[in-house]
Structure formats: structure tokens, C-alpha cells
Amino acid sequence: MRHAAARNASALVTGLIFGLGLAISQMVSPRKVLDFLDVTGSWDPSLLLVMGGAVAVAMLAFRFVIKRGQPLFESEFHLPRMTKVDRRVLVGSAIFGLGWGIGGYCPGPGVAALSAGSADALVFVAGMVLGSLLYRRLAAPRG
Amino acid sequence: MSIAGFYRVRQSGVANFTPVSALIGGALIGISATLLLWLTGRVAGVSGIMHGALLQRRDTWRWLFLAGLVAGAGVWLWLSPPAAPPRAGYPTPLVLLAGVLVGFGTALGGGCTSGHGVCGISRLSVRSIAATISFVLTGMLSVFIVRHLFGLAS
């Protein structure tokens with residue numbers, strides 16, 4: 001396939017920038033994330049600004065990117081086809097939130113925290129893989 | 001929870017609000033998501049990239065993105081080592097349970113904080129906005145249960 005090497009290099013570089021952003025904003029620290037969710041205790045609004053900063057940049061830039069009609073190294077955009085608010089997205093996200101609040105990791109920071117060499121993050125990522133396999137066994141749409 | 005433990009949790013909150021590094025880090029995440037979409041047409045949703053990597057092991061770009069995530073965070077932690085060591089001593093079964101719920105929930109819900117929370121909201125997707133409200137609310141609920149009802153400091 002054309003541009004496969006360019007796509008792979010792009011993925012590596014964007015992954016690096018993403019990981020850098022998560023570490024600079026301290027989102028790799030579960031305590032920092034849990035403090036954001038702890039509205040009745042030691043609330044720390046930092047995570048709100050991380051998301052706000054990311055959304056501010058992406059909201060402006062995505063328009064220009066999508067307006068181009070085609071990505072640079074790929075024939076089409078792979079945007080989600082689902083747009084409806086259904087039970088799957090609400091229940092799935094609710095389950096994700098419960099786990100987020102217990103562990104203090106969401107997928108990005110969980111993977112990025114592997115770099116700190118913490119056993120904690122390793123157990124979390126192993127759990128995520130298990131959850132992903134469990135989903136495929138139990139709840140994935142057939143066909 | 002002991003008084004000392006309560007004080008420690010208290011201290012780690014608003015007193016530790018870090019608006020500047022949060023905005024810089026957030027902007028980098030936004031730049032990363034923009035570049036990935038522009039260059040490869042893919043959405044920078046970490047859970048989606050991970051589930052896809054497990055399902056389609058030959059999708060090299062997915063593994064490279066995840067490797068970059070680890071390396072990028074590693075570079076920063078190496079340049080600027082955090083004052084506090086990584087968390088240790090939080091009950092392992094709870095961390096494992098958290099991982100399973102996050103893995104299962106993001107697969108069912110089709111995204112996480114990055115895919116729905118950053119990319120979806122940036123495209124003003126109603127589905128992603130609903131997802132984000134859902135996981136932030138249950139996240140707050142579960143922190144309330146773990147920290148305040150069970151008194152586990154983390």
C-alpha cells in the first residue's frame with residue numbers, strides 16, 4: 001500500500017507528542033486525575049484545562065484538516081460512523097468511568113505511565129487487555 | 001481514614017492546581033490529534049487504537065502510536081523527574097478491576113477521554129458529548145465511594 005511507511009512514522013511521532021503532553025500535564029499521575037474527580041474532597045481542576053487546551057486546538061485545526069477532503073498519506077478519513085446516542089455508548093462510558101474513578105487511569109495515561117516503571121500501571125494495562133478480550137467474548141456485535 | 005491521611009489528600013488538591021502545565025500539555029495533545037488526523041486520517045482515541053491493535057495485530061501504526069506514547073512520556077519523566085515516586089501500595093486487585101472496567105467499558109462505549117473527550121467534542125459529536133458526561137459522572141461517583149465511603153487514600 002502506498003505511504004504505509006509515512007503513516008507508520010506519523011503514528012510514532014504523534015504518539016510521542018501525545019505522551020509528552022500527558023507527562024507535562026501530569027495526567028500520568030493517578031492522584032492528579034483522582035483529585036479532579038474528587039469534587040466533594042480535594043478538587044483539582046487541572047484535568048479540565050488539559051481537556052480544554054486539547055479541545056481548543058483540535059476544534060480549530062480539525063476544520064481545516066477535514067476541509068482538505070483527504071488525509072496526506074491515506075485515501076480517506078476514518079471517522080466514526082456512529083452518531084446516535086444509544087444504550088451502548090451510555091452504559092459503556094458509565095462502566096469506563098467507574099474504572100477510571102477506582103484506578104485513576106484512563107487508557108492514554110495508563111499506557112504512558114508504563115514509562116515510569118510502576119507496577120501499578122502494568123497491572124492496570126493488563127486489566128485493560130483483559131477487559132478488551134472480555135468484551136469481544138461477551139458483548140461484541142456479531143457478524 | 002486517619003487525620004494525617006485526610007490532610008495529605010486535602011493538600012494534594014486545589015493547592016496543587018497546575019494551570020500552565022495543564023494547558024501546555026493539553027495543547028500538545030490537541031496538536032498530536034490534529035497531526036494524526038491530517039497525516040493518516042485516524043482519530044487519536046487511545047482506547048480505540050489499543051482495541052484495534054489487539055484485534056488486528058498486523059496494524060503496525062497502532063503499535064507504533066502506543067510505543068510513542070510510552071516513549072514520549074518517558075522522555076519527559078527523564079528530563080524532569082517528578083518529586084513524588086509513582087504510586088505504590090494502592091490495592092492491586094482494585095487496580096486490576098479498574099483496568100478490566102476501563103477496557104470493557106471503552107470497547108462497549110466506543111471511546112475514552114481522548115477519543116470521545118477530546119476528538120469527539122472537538123467535532124461537536126453529540127454521541128461523544130453524551131459519553132463524556134456519562135464517564136465523568138460515574139468517575140466522580142466511584143471516587144466518592146472509594147475515597148470517602150471506603151476511606152482509601154490514593
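**Contacts, core and burial**

Guide: A54(A) touches G26(B), A27(B), I29(B), G30(B), A33(B) and V118(B), leaving aside residues up to four places away in sequence. This is a predicted model, in which local features need pLDDT of at least 70 and side-chain atom pairs count only at pLDDT 80 or more, while totals for chains, interfaces and linings use all residues. Residues are numbered from 1 along each chain as its sequence is written, and chains are lettered from A and ligands numbered from 1 in the order in which they are written.

Visitor: What makes two residues count as touching?

Guide: Their C-beta atoms, placed from the backbone, must lie within 7 Å. The contact between the chains takes 103 residues from chain A and 105 residues from chain B.

Visitor: Why is G19(A) called buried?

Guide: A residue is buried if 20 or more other C-beta atoms lie within 10 Å of its own, partly exposed below that, and exposed if 12 or fewer do. G19(A) has 33 C-beta neighbours inside 10 Å and therefore counts as buried. Among the residues that G19(A) touches are A112(A), G68(B) and L69(B).

Visitor: What makes a set of residues a nonpolar core?

Guide: Its members are buried Ala, Val, Leu, Ile, Met, Phe, Trp, Tyr and Cys residues joined through C-beta atoms within 7 Å. The largest nonpolar core here has 84 residues, of which A54(A) and A33(B) touch the most other members. The largest share of this core, 11 residues, comes from α2(B), a helix being a DSSP run (H or I) of at least four residues, numbered from the N terminus.

Terms used:
Helix = DSSP H or I, 4+ residues; strand = E, 2+ residues; numbered from the N terminus.
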